[in-house]
There are 2 protein chains.
Amino acid sequence: LQDIKGGVTAAKGFQAAGVPCGIKQSGKKDLALLWSERPCSVAALFTSNRVAAAPIVVSRNHTSSGKARAIVANSGNANACTGKQGLSDAITMAQITGKELAVDPHEIVVASTGIIGVPLPMQKVGSGIGAAVAALSVNGSRDAAEAIRTTDTTQKEIAVEMTIGGRLASLGGIAKGAGMIAPNMATMLAFLTTDAEIEPSILKQCLAEAVESSFNAITVDGDMSTNDMVVLLSNGASGVRLSGTSDTEAFQEALNYLCRELAKMIVKDGEGATKFIEIQVNKAGSESAAKKIALTVANSNLVKTAFFGEDANWGRIMAAIGNAGVVIDNDRIDILFGEEKIVESGQGIVFCIDTVNEILKAPEMTLQINLNAGDARAKIWTTDLSYEYVKINAHYRT
Amino acid sequence: LQDIKGGVTAAKGFQAAGVPCGIKQSGKKDLALLWSERPCSVAALFTSNRVAAAPIVVSRNHTSSGKARAIVANSGNANACTGKQGLSDAITMAQITGKELAVDPHEIVVASTGIIGVPLPMQKVGSGIGAAVAALSVNGSRDAAEAIRTTDTTQKEIAVEMTIGGRLASLGGIAKGAGMIAPNMATMLAFLTTDAEIEPSILKQCLAEAVESSFNAITVDGDMSTNDMVVLLSNGASGVRLSGTSDTEAFQEALNYLCRELAKMIVKDGEGATKFIEIQVNKAGSESAAKKIALTVANSNLVKTAFFGEDANWGRIMAAIGNAGVVIDNDRIDILFGEEKIVESGQGIVFCIDTVNEILKAPEMTLQINLNAGDARAKIWTTDLSYEYVKINAHYRT
């Protein structure tokens with residue numbers, strides 16, 4: 001497994017573009033297009049928010065056949081809570097894109113991200129799609145990654161090369177995140193491409209597995225958005241075809257890596273984040289118990305503000321653990337910051353304050369919670385809660 | 001039902017005191033004592049946090065008989081995550097208090113609030129109890145209310161006079177709150193007293209009902225603490241005895257009012273709160289669905305920061321509704337700020353921006369969410385999320 005350049009267009013036969021079409025008042029890029037020269041298998045996962053945006057409804061439908069050819073996405077407007085008009089606009093986005101690319105509109109995946117409740121400016125979107133089609137390029141990943149940004153401070157792209165059956169295939173992706181990041185498809189978009197040939201049912205299975213320990217294991221603020229999706233296209237342009245378990249395992253390993261790296265980028269660029277925190281809950285009675293506890297700790301504002309304040313306030317961590325709705329024996333809990341034990345058998349112990357301060361001041365840290373109740377474990381990536389988070393979200397207006 | 005002065009000592013036969021014993025470095029009052037001259041019935045509710053503090057364990061035991069005589073509480077130290085020593089210290093607090101008051105120690109309720117994980121300085125606590133016993137007074141409510149404060153900016157006390165069977169009885173209380181406020185007994189203490197004579201089983205039932213729509217209907221940050229309790233003492237000193245349904249109803253009405261008012265005081269004094277927000281979820285399919293949605297909206301950092309920013313960002317409210325894990329038909333949802341409708345049938349509508357800005361700038365506002373799916377409803381009181389919340393919690397150190 002080797003990192004390579006090229007993001008979502010690293011895999012053969014994929015082209016991308018990102019253009020400004022005028023949705024964002026800043027004039028920044030806000031329309032992204034991703035196209036495969038050949039037919040693709042597709043797997044996709046969508047937000048579990050009950051208030052699903054129009055593009056979610058349309059794309060769920062369009063990916064159900066297991067075939068797709070292109071993804072069109074705009075930023076600056078979520079096309080959510082926009083009623084029948086919104087649904088019609090999302091369908092129109094697919095139709096315009098299909099017409100421009102000479103592809104069946106049912107094979108177009110549609111995505112939107114941005115402000116909720118404002119109708120899409122369809123004239124701008126339409127001319128943006130035309131410009132994006134004209135700009136499609138095998139070097140277009142970065143532009144596409146920029147065009148899906150909202151409050152993200154950086155574009156997020158990655159690609160790897162893997163060996164399958166002795167031959168090389170590529171896998172790449174772009175993503176956006178920032179705020180409203182919570183498990184089960186938080187406010188995030190991720191578009192992934194591979195030139196390996198993989199049938200839809202396997203593709204779907206691989207994607208579900210990869211997402212569980214990546215995009216479903218991150219939280220910035222516990223808020224899950226109306227527009228999230230992860231889409232994986234496979235076009236077979238490398239001539240490499242997945243056949244048999246070991247091929248699938250090789251691809252799965254690459255996909256897991258790719259999704260985890262993109263998920264980490266999203267958390268690190270979380271709104272106002274000053275720290276990246278990996279929360280490990282180990283030796284739990286079950287994986288679901290471990291994940292519940294990790295998430296409750298990760299989403300506790302009191303824990304998050306303590307990390308922002310670089311305070312070894314383990315009492316708040318204990319309180320959050322007790323709050324997860326899981327039966328625990330608190331006299332068995334150990335807590336470690338990095339490798340330094342802070343709590344043993346549910347009680348604070350003497351620790352090296354210099355070591356702990358160094359850990360707390362670092363941009364990345366690991367928090368280990370050992371329940372000593374079994375063999376299961378879970379891992380969640382999250383951020384602290386800063387003044388900047390409040391500032392960004394108090395003033396990100398319609 | 002008439003508001004009267006006197007807080008937790010308004011009811012006849014109760015005395016209280018609050019003294020500084022040196023737990024708080026500031027030298028402020030940190031030990032509260034509440035005593036009934038006569039035997040009492042007692043009802044109590046405790047935190048559902050699985051990491052229960054030592055005083056919770058002891059007081060759950062001490063109130064199980066339905067009889068109590070006094071409450072001793074310290075602030076500045078939670079006596080939580082303190083292991084066997086903590087448990088022994090909480091028992092010792094009851095023993096010292098019992099001895100000083102010549103009361104069976106099993107009839108002493110023990111409470112603590114403050115920093116987690118630090119052993120109680122028992123010498124200070126012991127001498128504080130002695131000083132508090134000496135200071136007991138029928139005018140001691142305010143001192144006791146002060147002595148249970150942590151980050152509260154004001155003391156919280158209230159009392160009412162009610163008519164039961166044509167005769168007057170009193171009911172009063174004190175409380176502390178501030179942060180870590182979430183339903184099911186958040187970080188809060190509330191001590192309530194009445195001079196009506198009520199048997200333990202009725203008292204318990206009345207308390208449970210009153211708490212459900214007051215202390216269990218508030219949230220500041222979704223974090224529930226290790227130390228919360230609500231204790232209600234009834235000593236019969238007024239000579240008024242509850243007999244029959246109409247008496248119970250009259251008492252219930254007074255108790256509901258008292259608990260609601262104390263709960264509101266706690267939310268209004270929430271850490272960093274600049275606004276008091278009443279979230280009503282109406283026309284829901286079930287009360288539990290309505291409460292889940294109200295809580296999810298109340299605990300959404302994106303919604304809270306939008307209110308802090310005085311931004312009519314209803315999209316975040318819709319997203320939070322969709323996040324509550326409740327099946328909803330989002331095309332039926334109406335949202336109102338005060339009496340001004342913002343969202344109709346799931347979509348934004350034209351509204352008077354001046355009216356809405358006035359509502360958003362006021363210190364108190366009502367958010368109505370009408371699901372149009374049934375007859376059930378729920379109400380939650382909460383606050384916004386401000387810079388000050390982050391500041392307080394990033395810097396409230398051990």
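At 45% relative accessibility, Arg332(A) counts as partly exposed, a class lying between buried (under 20% relative accessible area) and exposed (over 50%), with a 1.4 Å probe and protein chains only. Arg332(A) forms a salt bridge with Asp329(A), the closest N and O atoms being 3.3 Å apart, where a salt bridge is a side-chain nitrogen of Lys or Arg within 4 Å of a carboxyl oxygen of Asp or Glu. This is a predicted model, in which local features need pLDDT of at least 70 and side-chain atom pairs count only at pLDDT 80 or more, whereas totals for chains, interfaces and linings use all residues. Residues are numbered from 1 along each chain as its sequence is written, chains are lettered from A and ligands numbered from 1 in the order in which they are written, and side-chain values use heavy atoms, with hydrogens and water left out.

**Salt bridges**

- Over all chains the structure holds 28 salt bridges, and Asp329(A), the partner of Arg332(A), is partly exposed with a relative accessible area of 40%.
- Lys341(A) and Glu344(A) meet through their side chains in a salt bridge of 3.0 Å, N to O; Lys341(A) is partly exposed at 27% relative accessible area, and Glu344(A) is partly exposed at 37%.
- In chain B, the side chains of Asp143(B) and Lys29(B) form a salt bridge at 3.7 Å, N to O.
- This pair links distant parts of the chain, 114 residues apart, with Asp143(B) in helix α4 (residues 141-147) and Lys29(B) in the loop between β2 (14-19) and β3 (31-46) of chain B; helices (H or I, at least four residues) and strands (E, at least two) are DSSP runs, numbered from the N terminus.
- Asp143(B) is partly exposed, with a relative accessible area of 31%, and Lys29(B) is partly exposed at 23%.
- In chain A, a network of salt bridges links Lys29(A), Arg142(A), Asp143(A) and Glu146(A).

**Interface of the two chains**

- Contact, meaning heavy atoms within 4.5 Å, joins 53 residues of chain B with 52 residues of chain A.
- The area buried between chain B and chain A is about 4,300 Å², of which carbon and sulfur atoms give 55%; buried area is the accessible area (1.4 Å probe) that two parts lose on being put together, summed over both.
- Arg50(B), Leu302(B) and Tyr387(B) supply 15% of the area that chain B buries against chain A, more than any other three residues.
- Across this interface of chain B and chain A, the rule finds zero salt bridges.

**Buried helix and cysteines**

- Helix α9 of chain A (residues 314-322) has nine of its nine residues buried, so the helix is largely enclosed by the rest of the structure; among them are Trp314(A), Arg316(A) and Met318(A).
- A search of the whole structure finds zero disulfides over all chains, a disulfide being a pair of cysteine sulfur atoms within 2.5 Å.
- Cys259(A) is buried, with a relative accessible area of 0%, and the cysteine sulfur closest to its own, in Cys206(A), is 10 Å away, too far for a bond.

**Loops with positive phi**

- Ser345(A), in the loop between β13 (340-344) and β14 (347-348) of chain A, has phi near 50°, a positive value in a residue other than glycine, and is partly exposed at 36% relative accessibility.
- Asn372(B), in the loop between β15 (364-370) and β16 (376-383) of chain B, has a positive phi near 50° and is partly exposed at 25% relative accessibility.
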